[in-house]
Amino acid sequence: LTLEPTIELTDAHLDVSDNTGDHRVELAKTGGNPLRYGAGLLVAHDGHYQVHLTGDAGLENRDDQPRPITARADAPPTVAITSPANRGTLKVRPDDTVVVQFTGGDDFGLTEVEGLVLVDERLPTPVALPLNVGERKHEGVWTLSLRDILRTPVAAGLTPRRVFYQIRATDNRDPDPQSTTT
């Protein structure tokens, strides 16, 4: 929470109430701006807060009404391959490319989207895919070059019969980010 009053303050705090009780949260000067005050809040329960500001002359803010806080659980991200539409096996030549279109999203924002390549069910090789960190909705395209995959150390010296691909999206929950894989 960040506030930018028009005058210097001698006191700036929030009174926060929820089902665990009443709490006072001090607002400190932040960001090198002498008129910017802020505090971080971990919201685990519904409740309300009131802003209390006092200026040099002892004047207090008139708007000290309770404001609601709604705690919302962080859902895992979503991700889906939208093309190729065929969910079965694609038959392709070793020099083909497969254009994979996908969508992903998260209620609070994504931090990473990866393509995963598995050659003959070996361990997956992650490939970072472009993303504007923090996006809540993302549409992407991944051009999967079989020629490039077959040159990787995972496939070296093999005659691969199958290449599998998946998309994994990771959210920005801190700590413990959540991931979902197609």
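I looked up H48 first: its bridge partner in β7 is P68. The model is predicted; local features need pLDDT of at least 70, side-chain atom pairs count only at pLDDT 80 or more, and totals for chains, interfaces and linings use all residues. Residues are numbered from 1 along each chain as its sequence is written, and side-chain values use heavy atoms, with hydrogens and water left out.

**β6 and its partners.** I noted that β6 and β7 (residues 67–69) pair in the antiparallel sense over three bridges. Strands here are DSSP runs of E, at least two residues, and helices are runs of H or I, at least four residues, both numbered from the N terminus. Two strands count as paired if DSSP finds at least two bridges between them. I then turned to β2 (residues 9–18), which pairs with β6 (residues 47–55) through nine bridges, again in the antiparallel sense. There S17 has H48 in β6 as its bridge partner.

**H52.** I placed H52 in strand β6. Its side chain makes a polar contact of 2.9 Å with the side chain of D15. A polar contact is a pair of N or O atoms within 3.5 Å; within protein, one must be able to donate a hydrogen and the other to accept it, and residues adjacent in sequence count only if both atoms are side-chain atoms. Leaving out residues up to four places away in sequence, I listed D11, A12, H13, D15, N61 and D64 as touching H52 (contact means heavy atoms within 4.5 Å).

**The three-stranded sheet.** I found an open, antiparallel sheet of three strands in the order β8-β9-β12. β8 (78–83) and β12 (137–145) are at the edges with a single partner strand each, so one side of each has no neighbour in the sheet. On average, neighbouring strands of this sheet are turned by 25 degrees against each other, direction ignored. I saw that β9 (residues 97–105) is joined to β12 by nine bridges, and that G104 stands opposite H138 in β12.

**S145.** I checked S145, which lies in β12. Is S145 buried or exposed? S145 counts as buried because its relative accessibility is 18% (buried is under 20% relative accessible area, exposed over 50%, partly exposed in between, with a 1.4 Å probe and protein chains only). Apart from neighbours within four places in sequence, S145 is in contact with D96 and T97.

**Confidence.** I recorded a mean pLDDT of 92 for the chain, with 98% of its residues at 70 or more; pLDDT is the predictor's confidence in each residue, from 0 to 100.

How values were computed
Axes fitted to C-alpha atoms, helices over the stretch in contact; angles between N-to-C directions.
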